[in-house]
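Hi everyone, thanks for making the time. Please bring up the sequence and the model on your screens, and we'll walk through them together.

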Amino acid sequence: ISWDNHHARRGTLPRLAKLGNFPKRNTRFGTAEEWNFLANLFNFLRERHGMSDLPNLGLTNSWEWCENSYGSGNRVVVGNRGSGGLAAVLRVWHGNPNVGVGFRVLVQF
């Protein structure tokens with residue numbers, strides 16, 4: 001579905017917030033910078049400190065919506081390991097559904 005549909009009043013994000021009993025205003029997609037930072041941190045901890053149970057956030061075959069805007073009406077998507085993982089960034093029109101774009105939810109406490 002589109003970025004707009006995820007953020008709509010009865011969209012995916014508000015429903016997930018309700019299901020998890022999270023504050024609705026603090027339930028969102030991560031930014032490209034946040035995902036990149038977390039992926040690098042997890043990689044460092046896995047490689048240098050043997051924390052092999054941490055997920056490899058860059059190993060995905062899909063693109064993922066981010067909160068970042070890009071120009072007028074576009075939103076940033078990141079991911080797809082074949083294109084560089086979370087360091088790969090594209091722009092997608094926010095109102096268009098796209099079967100190749102998934103999402104991860106970030107909850108701020």
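So, how many salt bridges does a search of the whole structure find? Two, where a salt bridge is a side-chain nitrogen of Lys or Arg within 4 Å of a carboxyl oxygen of Asp or Glu. Before we visit them, some housekeeping. This is a predicted model, so local features need pLDDT of at least 70 and side-chain atom pairs count only at pLDDT 80 or more, while totals for chains, interfaces and linings use all residues. Residues are numbered from 1 along each chain as its sequence is written, and side-chain values use heavy atoms, with hydrogens and water left out.

Let's start with the sheet. It is open and has four strands in the order β4-β3-β2-β5, with mixed pairing. Strands here are DSSP runs of E, at least two residues, and helices are runs of H or I, at least four, numbered from the N terminus; two strands pair if DSSP finds at least two bridges between them. At the edges sit β4 (89-93) and β5 (101-102), each pairing on one side only. Strand β2 (residues 63-70) runs parallel to β5, and two bridges join them. One to click on: Trp 63 has Val 101 in β5 as its bridge partner.

One joins the side chains of Arg 104 and Glu 64, at 2.8 Å, N to O. Arg 104 lies in the loop between β5 and β6 (105-107) and Glu 64 in strand β2, so this pair ties together parts that are 40 residues apart in sequence. Is Glu 64 buried or exposed? Buried, because its relative accessibility is 3%; the cut-offs are under 20% for buried, over 50% for exposed and partly exposed in between, with a 1.4 Å probe and protein chains only. Arg 104, at 23%, counts as partly exposed.

The other pair is Glu 34 and Arg 28, also with 2.8 Å from N to O. Here Arg 28 is buried, with a relative accessible area of 15%, whereas Glu 34 counts as partly exposed at 27%.

That's my tour. Over to you for discussion!
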